[in-house]
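The sequence and structure are shown first.

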Amino acid sequence: MRIVSGIQPTGNLHLGNYLGAIRNWVRMQDEHGAGECLYFLADLHAISQPHQPAELASNTREMVAALVACGIDPERSVLFNQAQVSEHAQLQWLLNGTARMGWLNRMTQWKDKAGKNREGASVALFTYPVLQAADVLLYQATHVPVGEDQKQHLELARDIAQKFNNDFGAGEEVFTLPEPIIPAEAARIMSLRDGSAKMSKSDPSDMSRINLTDDADTIMTKVKKAKTDPEPLPSDKGGLDGRPEAANLVGIYAAMAGTSQAAVLAEFGGKGFGAFKPALGELLVESLAPINARFIELRQDRPALDAILRQGAAKARALAGPTLDRAYRALGLVRG
Ligand code: TYM
């Protein structure tokens, strides 16, 4: 097994990232041991949208501290940033010859992020999913733990791999087709202010998300102010239909407590949000406090964080080299 996944180092790690992806990263690392997991900061992806160059390196470092605080162990997982492993950008260029404009035009993230201003969007925003394909194909990833919003990008990576193998593999598989691993609960955590929008770093309102760096008071306030409806909680899951905000909070509780939504409703069914919200807030505070404390300690040690990235990049480069060589050769190119 080869497990590969990435996260953009923009803003803070939030509860959607944690429950949708990072918790699975840690679980897979713990189950599969040393050498099988590669996790990276997608700093090359971060330049596809307006960004502050002065902040990118420190955001990347902060995200390393956050991932280690969540349980990623740089001794057992290869933890690195794309920019230090130039093979990612090189493979992307090779795959640009295989990816089709029509495929990229169908990407919902491209449509959402470019909005009405397609002419003004960066080319990088359009070809973003090709770099994402390179990220996983470079390491022959078999499994890619992500939240639901990345599923379409992973399907594209499979399409690119398949077409490349067909067109240039000469009967051999140059690239492995990766499987997305999406959690059963919490695959899509929604905004606390709007049950129809996903929780996101780019939402201008900080009240829409729980950051892993929020202190206990902030978490309690955000949960208490979360948008809800006036009805009490239902006793079964069917009763959450048409109540996206209630469904989101119950889903968060279930994912955080490691139980099912049915079990949460068996406990809280018939009770109002006046009872449920403080319980949810306390559960979040209790679960996130140790992560927060480790993060605050780790983020101060800049040399240690830089060393993690340097060592991770060296390991990643060694793993990437043979596949990149094969891709060059398959295309009739000699790698310098
Ligand atoms: P990013 O940085 O937006 O998010 C990182 C991970 O968190 C998940 N996630 C969520 N899960 C549930 N609910 C939410 N509200 C939520 N918000 C985010 C994402 O699904 C993701 O797993 N393009 C990717 C980064 C990337 C990547 C890759 C991922 C670059 N190359 C290769 C996998 C493989 C992104 O922007 O994720």
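How much space lies in the second largest pocket? About 200 Å³ lies there, a volume being the space filled by probe spheres set on grid points joined across faces, edges and corners. The model is predicted, with local features needing pLDDT of at least 70 and side-chain atom pairs pLDDT 80 or more, while totals for chains, interfaces and linings use all residues. Residues are numbered from 1 along each chain as its sequence is written, and side-chain values use heavy atoms, without hydrogens and water.

On a 1 Å grid over the protein atoms alone, a pocket is an open set of points with protein on both sides within 12 Å along at least five of seven lines; in a cavity a 1.4 Å probe fits but cannot get out, and lining residues have an atom within 4 Å of a point.

The second largest pocket has 14 lining residues, and Ala186, Arg188, Ala247, Gly251 and Gln261 lie nearest its centre. Helix H10 (residues 244-257) gives the most to this lining, five residues; helices are DSSP runs (H or I) of at least four residues, numbered from the N terminus. Domain 1 (3-187 + 301-331) and domain 2 (206-297) each contribute at least three residues to the lining of this pocket, with bounds from an automatic or database domain assignment.

One cavity of 30 Å³ or more is counted. Gln109, Trp110, Lys113, Leu125, Tyr128, Pro129 and His153 line the largest cavity, with at least two residues each from helix H6 (108-114) and helix H7 (123-137).

| Space | Volume | Lining by class |
|---|---|---|
| Second largest pocket | about 200 Å³ | eight nonpolar, four polar, two charged residues |
| Largest cavity | about 50 Å³ | four nonpolar, two polar, one charged residues |

Here Ala, Val, Leu, Ile, Met, Phe, Trp, Tyr, Cys and Pro count as nonpolar, Asp, Glu, Lys and Arg as charged, and the others, Gly among them, as polar.
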